[in-house]
Amino acid sequence: MKWAALAWLALVLAAGAYLAWQFLGGIALQTDLMALLPQVEHDITVQKAKDEVAALLNRRIVLLVGNRSRERARIAGAELAAALQQSGLAESVTYAVPTDGLRRIGEAFFPYRFGLLTEGDRARLQQGRGQEIVARTLASVFGPLGIADGALLRRDPFLLLPTYLAHLPQPMPLLVPDEGVLSVSDGPLTYVLVTAQLNGDPFALAFQDRFIAGFDAIEQRLRQATPDLRLLRLGAVFYAQAGAAVANRETSVISIVSFVGTILLVLAVFRALRPLWLTLLAIGSGVVCAFAACLWLFGGLHVIALLFGVSLIGISLDYCLQYLSARFNPADATPERRLYRVLPGITLGIATTLIGYVTLLLAPFPGLRQVAVFSAVGLAASFITLLIWLPMLDSSRPLSHGRRLLVAAGWLWRFWERPGYRRPRVLLVAMVLVLALVGMFRLTVEDDVRRLQALSPELRAQESALRRITGLAGGTEFILVRAADADGALQTEEALLDRLEQAKAEGAIAGFQAIAQVVPSVARQRENRALVHDRLIAPFLAAYDRQLGIADGDAPDRAAPGDLTLAAITPDSPLSFLHQLVLAPGAGMVTHAVLLSGVTRLDTISRLAEAVPGVRVVDPAGDITRLLGQYRRRAVLLIAVSAALMLPVILWRYGPRGTVPVLIPPAIAVLLAPPLVALAGVPFTFFNAMALVLVLSMAFDYAVFCRETDPDHRPVTMLGVWLAMVTTLLSFGLLGLSRVFAVHAFGLTLIVGTLLAFVVSPVTGESAGNRPKMQHKD
Amino acid sequence: MIKRLAPMLLLGIAALSAALAQPREAQPLRPGERLEGRFVEERHLTGLSAPLNSTGRFMLVPGTGLLWRSETPFDTVLVITPKGIVQMVNGSEAQRLPAARLPFLAGFYDMLSGALGGDWSAVARDFTMDRRAETGGWSLVLTPLHADDPAATQLQSITITGSDFVDAVEIHRPNGDWERLAFLDQKRSSAPLAPEDRRLFDTADP
């Protein structure tokens with residue numbers, strides 16, 4: 001035994017040294033939340049394109065700076081932009097737009113003007129209604145808004161280019177350039193726009209914190225100068241950081257309450273600190289080994305997997321408590337006797353729990369695999385510590401102060417055993433069954449990731465104000481257009497745009513942004529030039545020139561001027577954002593993105609759009625929703641699988657007849673917890689299902705502890721189960737108070753499941769009197 | 001597009017006539033009042049053999065918008081409201097531009113509503129104002145203040161002459177183009193809008 005203890009010490013120390021070496025070597029925990037999700041896409045190019053668009057959208061922040069004074073708003077806007085630029089947090093910041101931006105676009109597009117037609121003008125010419133364009137132009141030329149000088153009228157007689165430019169899509173239609181700054185007035189306030197593209201991943205916790213700290217400092221400085229400043233913000237980074245901050249605050253509160261509660265509990269029950277050190281030793285050695293194993297296996301560990309894994313290792317507390325509670329049995333005078341007494345129970349408990357945890361490996365979430373390995377290794381290591389070290393370190397004699405404690409702990413057993421409690425027993429069972437039945441009808445499932453997140457209400461209010469003021473439509477959906485070359489992609493986009501216009505007319509979508517809206521395909525430009533020549537210039541130009549008195553009417557350039565391409569849009573152009581819609585090429589294919597906004601009926605859009613070859617509608621939030629649904633169903637399956645895997649162990653130990661009572665607590669806990677939780681109005685999600693995996697393991701533990709105990713040791717066993725239940729509620733149950741929906745659902749399911757498993761656990765016990773074993777099965 | 005700024009200014013200033021008339025009349029348009037009249041416009045564009053002439057009627061309804069009805073050489077109506085601009089040719093809509101597409105429109109309304117209330121700061125931000133009393137009336141010359149302003153590249157000067165109301169506006173451009181607008185038979189009215197005019201304003205402000 002001594003050799004084993006030393007060997008184990010060497011192993012734990014080695015793990016600790018490896019861990020220290022890794023940390024000194026500068027290993028960092030993964031913090032990117034997206035890394036926890038499995039890759040949805042099997043096509044690597046599509047996945048890369050999706051990542052690129054997602055990064056484009058997620059890294060963008062939109063800020064509106066408002067004040068009653070236009071000047072103050074502008075000063076603050078300029079300062080904000082400069083500070084963001086200096087901070088190094090943003091890749092690019094846009095505040096001042098060139099005042100001659102539109103003129104420069106006009107100059108760049110001018111040579112190609114006869115190939116650029118608005119949808120409306122194209123339709124007019126196709127339908128032979130060219131005279132409408134003539135009449136409109138004459139009215140403009142003579143009218144008070146006459147926009148043309150003689151030179152323009154000679155070279156673009158029907159003012160096609162100004163009309164085209166006036167109809168270019170605008171993502172934020174309510175903003176207008178005011179002395180080189182995009183501005184808008186809303187009530188008494190003047191707002192100016194600042195946008196930026198971040199140079200870090202908004203979902204990486206480290207970047208979030210760095211960005212928000214920097215941004216808050218800038219905001220504070222601005223507010224010192226202008227106290228009544230209004231600053232509206234929109235961006236994934238703000239939501240992500242607020243969510244992480246809430247989770248962090250809650251986590252620290254929950255950890256403190258749980259830690260302090262557990263210490264107080266152990267002190268109150270054992271009136272000594274040694275049990276505390278021993279349990280901490282067991283858990284600590286488990287965490288060290290688990291951490292080292294994960295770093296060795298995965299080369300890294302996600303911070304969420306670490307937190308979750310540590311919680312799961314926490315279940316080894318239950319086994320330690322079984323062993324430590326044995327000190328209350330005066331019959332077992334030495335630590336070895338005590339260990340021998342509880343060994344069958346905790347071994348079976350560990351075995352079933354390990355099976356439950358290892359089953360998590362079957363879920364293809366990368367994070368869950370880490371959690372599975374971490375918790376299984378940690379649990380095994382804690383168990384070895386418990387077996388080898390605890391009896392050596394725990395030399396104390398049996399405790400004698402526990403008489404009243406044991407009587408109280410044994411009450412639950414008497415409740416299930418004594419004939420006198422028959423009526424309340426029946427009443428309790430009936431009540432739980434009725435509640436579960438009612439809950440069954442209220443049971444709903446929820447996979448929508450947007451509803452599973454607790455988005456900061458303050459940020460949401462700012463977002464909706466910003467969207468109202470700027471006219472910016474929301475949306476994370478987009479379309480990928482793939483073709484052999486750039487012009488092929490533009491042609492596909494043109495076919496797609498017709499259909500999107502139709503979807504817009506049907507109210508399925510508010511707007512979209514595509515390159516082809518600005519730069520038509522070569523084929524389309526040629527078609528347009530032919531239309532303009534045959535249906536506008538040829539029939540109408542001569543009379544038109546006469547009417548205006550254009551004597552030296554140089555006919556519009558007939559020679560093909562070449563075609564407008566995206567290259568004509570320079571990086572400093574107001575249209576330069578179009579370049580971002582060209583995604584990195586791959587496998588001889590060109591991929592363009594078409595951004596959608598204000599989507600109300602995605603199915604309509606998918607149906608219309610995907611009829612065009614090479615077009616694919618992508619709905620990232622929907623993908624995650626579908627995924628969560630898929631894995632919710634898979635998690636339920638995992639529970640069944642792990643129960644099925646635990647069954648042989650139970651059967652081997654208790655035989656067919658003895659197995660049935662042991663199955664009662666797990667069955668009741670897992671089957672009744674979901675409908676009872678539904679009574680509280682909480683829908684069933686993937687996270688509830690994951691909680692049930694844990695509930696199943698614990699319920700088996702409680703059942704096995706009770707089944708393995710001798711009648712004279714029962715109160716002691718029950719004390720251990722009590723302690724296990726209370727510590728579980730302290731560590732996990734508190735999660736039920738979380739404002740993060742997923743955590744709340746997880747915690748609440750655990751509370752209900754643990755309580756159910758605890759309350760019925762004595763039912764498993766070997767009958768002491770004439771109580772038939774099957775009495776409470778129904 | 002930016003070229004639109006100049007004529008818009010012209011319109012704005014034409015519409016300001018009542019306010020500009022303050023030194024003599026001291027009676028800007030009162031709430032519920034509108035201004036109506038005829039206009040004669042001649043536009044001289046370099047490279048065109050003859051000026052572009054048009055005549056018609058206008059109506060300014062503070063808080064609602066401006067109707068600009070050309071009668072010769074074409075029958076067109078321009079409806080300008082804070083929501084945007086709608087052009088009607090031969091009674092049917094030919095073009096519609098929402099205000100967001102017309103950056104200058106917001107500035108125009110700032111100037112117009114400011115000046116109607118006697119606040120010239122919006123105009124003074126972009127122009128120097130040289131106001132003179134003349135026999136039987138007054139004149140005002142506006143020159144762009146900022147050389148780098150898009151307006152400055154389109155405008156050399158705006159000269160407004162008036163008595164009780166604005167009588168004429170002359171605009172000169174750097175490229176030699178110029179135009180002259182004369183306003184005739186102007187009168188205030190507080191009678192209800194004719195149904196047809198009401199309908200026109202409604203089309204522009206759906």
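This briefing walks through selected features of chains A and B.

This is a predicted model, in which local features need pLDDT of at least 70, side-chain atom pairs count only at pLDDT 80 or more, and totals for chains, interfaces and linings use all residues. Residues are numbered from 1 along each chain as its sequence is written, chains are lettered from A and ligands numbered from 1 in the order in which they are written, and side-chain values use heavy atoms, with hydrogens and water left out.

**Chain B overall**

- Chain B has 7 helices and 11 strands. Helices (H or I, at least four residues) and strands (E, at least two) are DSSP runs, numbered from the N terminus.
- Of the 206 residues in chain B, 53% are buried. Buried means under 20% relative accessible area, exposed means over 50%, and partly exposed lies in between (1.4 Å probe, protein chains only).
- Take the contacts in chain B between residues at least 6 apart in sequence: 47% join residues at least 24 apart. Contact means heavy atoms within 4.5 Å.

**The sheet of chain B**

- In chain B, 11 strands form an open sheet, with antiparallel pairing. The order is β6-β5-β4-β3-β2-β1-β11-β10-β9-β8-β7.
- The edge strands are β6 and β7 (127–134) of chain B, and each pairs on one side only. Two strands pair if DSSP finds at least two bridges between them.
- On average, neighbouring strands of this sheet are turned by 15° against each other, direction ignored.
- Helix α7(B) packs on the sheet and touches β2, β3, β4, β5 and β6 of chain B. The direction of α7(B) makes about 115° with that of β3(B). Axes are lines fitted to C-alpha atoms, for helices over the stretch in contact, and angles run from 0 to 180 degrees between N-to-C directions.
- Strands β9 (residues 157–162) and β10 (residues 166–172) of chain B run antiparallel and are joined by 6 bridges. B:Ser157 stands opposite B:His172 in β10(B).
- B:Val169 also sits in strand β10 of chain B. B:Val169 has 0% relative accessibility, so it counts as buried. B:Val169 and B:Thr46 are 123 residues apart in sequence and 19 Å apart in space, C-alpha to C-alpha.

**The two sides of helix α7(B)**

- Helix α7 (residues 195–204) of chain B has the buried residues B:Asp197, B:Leu200, B:Phe201 and B:Ala204. They cover an arc of only 95° around the axis, so they lie on the same side of α7(B). The arc is that of the directions from the helix axis to the C-beta atoms.
- The face turned away from the buried side of α7(B) carries the exposed residues B:Pro195 and B:Arg199.
- The cover over the buried residues of α7(B) includes β2 (52–61), β3 (65–72), β4 (76–81), β5 (84–89) and β6 (92–98) of chain B.

**A helix pair in chain A**

- Two packed helices are described by the angle between their axes and the distance between the axes.
- Helices α14 (residues 335–359) and α25 (residues 620–679) of chain A pack at about 155°, with their axes 8 Å apart.
- Helices α14(A) and α25(A) are therefore roughly antiparallel to each other. Angles under 35 degrees count as roughly parallel, over 145 as roughly antiparallel, 65 to 115 as roughly perpendicular and the rest as oblique.
- Residues of α14(A) that meet α25(A) include A:Pro344, A:Leu348 and A:Thr352. Among their partners in α25(A) are A:Leu638, A:Val641 and A:Tyr654.

**Strand β10 of chain A**

- In strand β10 (residues 589–597) of chain A, 8 of the 9 residues are buried, so the strand is largely enclosed by the rest of the structure.
- Strand β7 (residues 478–483) of chain A pairs with β10(A) in the antiparallel sense over 6 bridges. Here A:Val481 stands opposite A:His592.
- Strand β8 (residues 511–513) of chain A runs antiparallel to β10(A), joined by 3 bridges. A:Gly511 stands opposite A:Ser597 in β10(A).
- Strand β9 (residues 582–586) of chain A pairs with β10(A) in the antiparallel sense over 3 bridges. A:Val582 stands opposite A:His592 in β10(A).

**Buried spots in helices of chain A**

- A:Ser258 is in helix α10 (residues 236–270) of chain A. A:Ser258 is buried, with a relative accessible area of 12%.
- A:Ser258 touches A:Leu730, A:Ser731 and A:Leu734, not counting residues up to four places away in sequence.
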